[in-house]
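Here is a short briefing on one protein chain. Please look over the sequence and the fold before reading the notes.

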Amino acid sequence: MNHSNRLDFLTFLRSTGIILLIVIGLLFYPVNTAIANTSTDYQQKSSASSDGIGKVYMGREISQVMGHQGAMWLERPTRETQEQPSKIVQALDLKDTDVVADIGAGTGYMSFRIAPKVSDGKVFAVDIQPEMLDIIDFYKKKTKINNVEPVLATVTNPNLAPESVDLALMVDAYHEFEYPKEVMEGVVKSLKPGGKAVLVEYRGENPFIAIKRLHKMTQKQVKKEMKAVGLTWKETKELLPQQHLMIFEKEVSV
């Protein structure tokens with residue numbers, strides 16, 4: 001299937017509501033990377049967990065990445081009912097001129113919902129998978145929403161200009177970063193002074209949330225990892241059915 005036909009097929013599935021509801025665990029495919037794990041910030045387990053990569057950061061095993069093969073899961077019609085992402089957009093309290101970075105944007109599900117809120121600003125839809133950016137490009141043309149800009153990142157660098165972003169959003173993405181310290185250092189550099197980083201993660205404290213263990217995070221763990229890159233916790237909004245919405249801030253230098 002060529003590039004055009006593949007995207008037309010995805011659009012057909014989306015528009016008709018025919019979603020391949022595969023068991024969640026089968027949707028998580030590791031993304032191959034070739035960077036050696038040489039940093040002393042990480043340790044390697046003798047064997048990986050079923051939903052992890054065996055690499056440990058600050059006591060947490062990093063989860064596998066959801067590959068582009070699971071794109072339709074991100075676009076499922078039941079997502080609003082299950083996760084209420086519209087509440088995330090409202091909670092960001094965006095201004096028309098804000099520049100937002102959607103880190104781990106996937107298909108751009110959140111990017112295209114944020115874009116109308118920043119009509120005089122921009123949304124950088126950042127992902128490491130070119131296939132996801134192809135989908136974002138397609139939807140950008142289809143919807144004629146021109147203030148969404150796809151950005152190809154690497155596993156260590158979000159590829160954003162220094163002090164160019166008002167708010168960085170990560171929805172169910174941070175726990176998958178293979179190099180969380182390096183990526184977050186890049187995110188912090190990209191934030192303007194006083195800029196915010198918002199993480200949305202399934203509540204790791206709740207064993208009854210039917211998400212694989214490594215695809216959930218506790219507030220305590222997130223706060224510890226954000227503090228390590230210089231971000232200050234400001235607030236956690238418990239307005240979502242299953243996820244924490246945690247707000248951190250880049251301090252203003254004096």
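A salt bridge here is a side-chain nitrogen of Lys or Arg within 4 Å of a carboxyl oxygen of Asp or Glu. Glu-149 and Lys-122 meet that rule, with their closest N and O atoms 3.1 Å apart. The model is predicted. Its protein chain holds eight helices and 11 strands.

**Overall picture**

- The protein chain has 254 residues, and 52% of them are buried.
- Its accessible surface is about 12,100 Å². Carbon and sulfur atoms account for 55% of that surface.
- Take the contacts between residues at least 6 apart in sequence: 68% of them join residues at least 24 apart.

**The three-stranded sheet**

- Three strands form an open sheet in the order E1-E2-E3, with antiparallel pairing.
- Strand E1 (42-44) and strand E3 (60-63) are the edges, and each pairs on one side only.
- Neighbouring strands of this sheet are turned against each other by 40° on average, direction ignored.
- Strand E2 (residues 52-57) runs antiparallel to E3, and three bridges join the two.
- Val-56 has Glu-61 in E3 as its bridge partner.
- Helix H7 (residues 180-190) packs on this sheet and touches E1, E2 and E3. The direction of H7 makes about 155° with that of E1.

**Parallel pairing around E7**

- Strand E7 (residues 165-171) is mostly covered, with six of its seven residues buried.
- Strand E4 (residues 99-103) pairs with E7 in the parallel sense, over three bridges. Ala-101 stands opposite Ala-168 in E7.
- Strand E8 (residues 191-203) also pairs with E7 in the parallel sense, here over six bridges. Val-165 has Leu-191 in E8 as its bridge partner.
- E7, H7 and E8 together make a β-α-β unit, and the unit is right-handed.

**Salt bridges**

- Side chains of opposite charge can pair when their charged atoms come close.
- The count for this model is 10 salt bridges.
- Glu-225 pairs with Arg-60, with the closest N and O atoms 2.8 Å apart.
- Are Glu-225 and Arg-60 buried or exposed? Both Glu-225 and Arg-60 are buried.
- The pair of Glu-149 and Lys-122 links distant parts of the chain. Glu-149 belongs to strand E6 (residues 148-152) and Lys-122 to strand E5 (residues 122-127), 27 residues apart.
- Glu-149 has a relative accessible area of 32%, so Glu-149 counts as partly exposed. Lys-122 is partly exposed too, at 32% relative accessibility.
- Lys-192 forms a salt bridge with Asp-166, and their closest N and O atoms are 3.3 Å apart. Lys-192 lies in strand E8 and Asp-166 in strand E7, so this pair ties together parts 26 residues apart in sequence.
- Lys-192 is partly exposed, at 29% relative accessibility. Asp-166 is partly exposed as well, with a relative accessible area of 21%.
- Asp-41, Lys-181 and Glu-185 form one network, joined by salt bridges that share partners.

- Gln-84 is not a glycine, yet its phi is positive, near 55°.
- Where does Gln-84 lie? Gln-84 is in the loop between helix H3 (79-83) and helix H4 (85-91).
- Gln-84 has a relative accessible area of 22% and is partly exposed.
- Lys-144 also has a positive phi, about 60°, although Lys-144 is not a glycine.
- Lys-144 lies in the loop between helix H6 (130-143) and E6.
- Exposed means over 50% relative accessible area. Lys-144 has 66%, so Lys-144 is exposed.

Terms used
Residues are numbered from 1 along each chain as its sequence is written. This is a predicted model: local features need pLDDT of at least 70, side-chain atom pairs count only at pLDDT 80 or more; totals for chains, interfaces and linings use all residues. Side-chain values use heavy atoms; hydrogens and water are left out. Two strands pair if DSSP finds at least two bridges between them. Helices (H or I, at least four residues) and strands (E, at least two) are DSSP runs, numbered from the N terminus. Axes are lines fitted to C-alpha atoms, for helices over the stretch in contact, and angles run from 0 to 180 degrees between N-to-C directions. Contact means heavy atoms within 4.5 Å. Buried means under 20% relative accessible area, exposed over 50%, partly exposed in between (1.4 Å probe, protein chains only). Accessible areas come from the Shrake-Rupley method with a 1.4 Å probe; for residues, only the protein chains shown count as cover. A crossover is right-handed if, with the strands pointing away from the viewer, the path from the first strand over the helix to the second runs clockwise.
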